[in-house]
Structure formats: structure tokens, C-alpha cells
Amino acid sequence: MSKFMSAANVFLDLDIKSREEMLEFLSRKAVELGLADSVKETLSAFKFREEEGTTGLTNGFAIPHAKDKVIKSAGVVVACTKEPMDWPSFDDQPVDICIALYVPEIEAGTTHLKLLSQTAVLLMKEEFREAVRRPADPAAIAMLINEGLEG
């Protein structure tokens, strides 16, 4: 796989208080970063996925993802909040780190599944979670994720 993100795709210390606010932020960033054409349609794709079941995992992490025709190219954004926010999760704990996945509809069965499964594998590794959680360097986070997704 090619590089899915750069340091410009990492956002730290965000003052976001809810899942809804986070999904709106991630939708705006998709358009700003050139990953999608429409904030509204990207938000709709994120919400559609959230209705299917939670993207909140464990240890304060969530993997919201949007796969839709409005997504122009596959990509990843990391968004870390100052304080944990309510987000349904497998361990019933709040979320403070989102690793958002963006996938064009045409790649739904290939890139989407690979990104999702490899991101989940990364999150099973304590050293990865700690590296993303500690006072972080956006370039280092981008490198860790790109290396993990290439594996």
C-alpha cells in the first residue's frame, strides 16, 4: 500500500466534546485535505457507518470510517482530543483518539477492508497505542501508521 497520511493529517489537542462534533471535524478535514468533495456527503457516510454499529473500540480509540462515492482517494486522519468524549465503545469507555479512514466507494471491498483490518491490528499493539497517546509528534504518528498499514 502507498502512504495514506502525512503529518498534515494529524490533529492534536482538539477541543471537541462529542462524537457528532468529531464526525463534523473529520468531514471538514477530508475536504480540506483533498480526500473528499463534500463535507455534507462525507458526514453522511460517517453517520451511516455509525448507525450500523459502533466504531469505538477499546483503550480510548475509535476508527470512524467513510466509504462513499464522494471520497476521491483513500486516506487516514488522526484526531486526538484534549478530553475523552462520549462514544459508544466495546469497553464502554470514552474515546479521545480517532483514526479516521476514508475510502472511495469503488475500493469498498479491497482498500477499505485492508485499511480497517490493519488499523485494528495496530491498535492491538500496546506500543503503538502508547506511541500515539504520549505527547506526540505528528510526523512520528504518520510514520507509525503508514508503516503499520504497509505491513
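The following questions and answers concern a predicted model of one protein chain.

Residues are numbered from 1 along each chain as its sequence is written, and side-chain values use heavy atoms, with hydrogens and water left out. Local features need pLDDT of at least 70 and side-chain atom pairs count only at pLDDT 80 or more, whereas totals for chains, interfaces and linings use all residues.

Q: In what order do the elements of the chain run from the N terminus on?
A: Helices (H or I, at least four residues) and strands (E, at least two) are DSSP runs, numbered from the N terminus. The chain holds 5 helices and 5 strands. Their order is β-α-α-β-β-β-β-α-α-α.

Q: What is the radius of gyration of the chain?
A: The radius is taken over C-alpha atoms, and the globule rule is 2.2 Å times the number of residues to the power 0.38. For 151 residues the rule gives 15 Å, and the chain is close to that value, so it is as compact as a globular protein of that length. The radius of gyration is 14 Å.

Q: What percentage of the residues of the chain count as buried?
A: A residue is buried under 20% relative accessible area, exposed over 50% and partly exposed in between (1.4 Å probe, protein chains only). Applied to the 151 residues of the chain, the buried class comes to 48%.

Q: Why is the pair of F11 and F25 edge-to-face?
A: Rings of Phe, Tyr and Trp (its six-membered ring) pair if their centres lie within 6.5 Å; planes under 30 degrees apart count as stacked, over 60 as edge-to-face and the rest as tilted. The centres of the F11 and F25 rings are 5.3 Å apart. The pair is edge-to-face because the planes stand at 85°.

Q: Which elements does the pair of F46 and Y102 link?
A: With centres 5.6 Å apart and planes at 80°, the rings of F46 and Y102 form an edge-to-face pair. Both F46 and Y102 are buried. The two residues are 56 residues apart, and the pair links helix α2 (residues 39-52), which holds F46, to strand β5 (residues 95-104), which holds Y102.

Q: Which residues does T42 touch, not counting residues up to four places away in sequence?
A: T42 lies in helix α2. T42 is buried, with a relative accessible area of 0%. Contact means heavy atoms within 4.5 Å. On that basis T42 touches S27, A30, A36, A66, V70, I71 and Y102.
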